[in-house]
Amino acid sequence: MRPTTGYRATAPNKPLQRWEFERRDLRPDDVAVRITHCGVCHTDLHAQRAVVSGDETTAIVPGHEFVGVIGEVGSAVTDFAIGDAVAVGNIVDSCDVCDMCRAGQENFCREFPTLTYGGTDRRDGSPTRGAFADEYVVRDRFVYHRPEGLDPAAVAPLMCAGITVWEPMRRWRVGPGVRVGVAGIGGLGHLAVKFAHALGASVTVFTTSAGKAAEASALGADIVVVSTDESAMTAQTGALDLIIDCVPVEHDLVPYLRCLALDGTLCSVGHLGTTSVDITDLLIGRKSLSSAGSGGRPHTQDMLDFCGEHGITADVETLASAQVDTALDRLSRNDVRYRFVLDMSDL
């Protein structure tokens with residue numbers, strides 16, 4: 001077994017605790033990643049709040065969007081070598097054989113993908129523990145080559161927030177001539193704006209705050225609409241082909257549906273709870289309501305390659321890993337522009 005140092009959640013709303021634990025020995029198709037940076041996601045905050053106990057068996061080590069360097073490779077690994085710069089997201093294994101996996105959509109695995117933490121290893125049944133740690137052992141198929149010219153800290157959130165908005169843009173073939181709307185400028189939304197702009201689309205940002213207009217424009221927005229302004233929203237009727245809705249709380253979808261053109265799509269990736277839609281709002285204009293989450297292997301590497309070519313990273317605030325509780329507390333208050341990342345070098 002491989003000794004590892006990280007942070008575990010021991011009780012709801014309690015500080016994370018530095019913890020010495022063990023990773024598995026490398027299997028033939030494993031690599032060991034020396035973690036340099038790990039993003040802090042709302043999922044980590046929810047995991048901390050929901051933890052039941054922090055004993056040796058059930059302890060949760062959060063962290064599912066991370067970057068690092070290959071420190072060791074298994075005997076059957078051919079695509080990675082020691083010293084390679086890599087990134088890993090929130091999925092570390094899948095069944096490989098279902099229709100979704102065969103289509104390169106391991107995120108929709110029929111047997112449910114193995115999550116980076118809070119999951120169960122498919123081979124030995126052990127719990128998976130996350131990347132608020134100094135090393136992670138992972139199957140090579142779920143490790144991605146990272147563009148070395150980019151700030152590693154700012155790459156980490158691409159592996160969760162980035163891929164979540166990238167996949168729908170690839171699905172709906174965003175590019176020149178496509179009119180894209182982005183609702184909500186946060187961890188997801190700011191990357192959606194950057195991606196859509198770099199893909200050559202025209203970009204309209206919807207925000208509840210007029211004060212965010214300058215931020216949105218700096219990210220690449222062509223038009224900024226204050227969504228609480230009824231006349232401004234009415235002016236966008238039928239104006240967009242695709243809207244990526246990144247608003248993280250329950251809200252009315254109808255104003256955004258009305259902004260869609262014929263055969264337009266509203267893709268909700270922020271709030272994933274129950275919602276209600278009058279079918280007539282879809283009928284008029286033959287509109288579609290969709291969603292997406294995380295990403296499969298082909299799209300994930302595609303996203304990283306695109307980011308390397310276009311110099312795209314997340315806007316981040318980097319803290320030492322010892323400040324993990326500060327990051328979680330401020331995240332709970334939405335006090336971040338736009339993602340926190342932990343520098344793991346102090347472990």
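This is a predicted model: local features need pLDDT of at least 70, side-chain atom pairs count only at pLDDT 80 or more; totals for chains, interfaces and linings use all residues.
Start with the rings. A pair of aromatic rings is described by the distance of the centres and the angle of the planes. Searching the whole structure gives five aromatic pairs. In one of them, Trp166 and Phe195 have ring centres 5.1 Å apart. Their planes stand at 75°; over 60 degrees counts as edge-to-face, so this pair is edge-to-face. Trp166 belongs to helix H4 (residues 161-171) and Phe195 to helix H5 (residues 189-198). The two residues are 29 residues apart, and the pair links distant parts of the chain. Trp166 and Phe195 are both buried.

Trp166 has another partner, Phe306. Here the ring centres lie 4.9 Å apart and the planes meet at 45°, so the pair is tilted. Phe306 sits in helix H10 (residues 297-310) and Trp166 in H4, so this pair ties together parts that are 140 residues apart in sequence. Phe306 is buried, as is Trp166.

Now turn to the helices themselves. Two packed helices are described by the angle between their axes and the distance between the axes. The axes of H4 and H10 come within 10 Å and cross at roughly 100°. H4 and H10 are therefore roughly perpendicular to each other. From H4, the contact uses Gly162, Ile163, Trp166, Glu167 and Arg170. From H10, it uses His299, Thr300, Asp302, Met303 and Phe306. By type, the residues of this contact are four nonpolar, three polar and three charged.

Arg171 lies over the face of Trp172, 4.6 Å from the ring centre.

Conventions:
Residues are numbered from 1 along each chain as its sequence is written. Side-chain values use heavy atoms; hydrogens and water are left out. Rings of Phe, Tyr and Trp (its six-membered ring) pair if their centres lie within 6.5 Å; planes under 30 degrees apart count as stacked, over 60 as edge-to-face and the rest as tilted. Helices (H or I, at least four residues) and strands (E, at least two) are DSSP runs, numbered from the N terminus. Buried means under 20% relative accessible area, exposed over 50%, partly exposed in between (1.4 Å probe, protein chains only). A charge sits over a ring if NZ of Lys or CZ of Arg is within 6 Å of the ring centre and within 35 degrees of the ring normal. Axes are lines fitted to C-alpha atoms, for helices over the stretch in contact, and angles run from 0 to 180 degrees between N-to-C directions. Angles under 35 degrees count as roughly parallel, over 145 as roughly antiparallel, 65 to 115 as roughly perpendicular and the rest as oblique. Contact means heavy atoms within 4.5 Å. Ala, Val, Leu, Ile, Met, Phe, Trp, Tyr, Cys and Pro count as nonpolar, Asp, Glu, Lys and Arg as charged, and the others, Gly among them, as polar.
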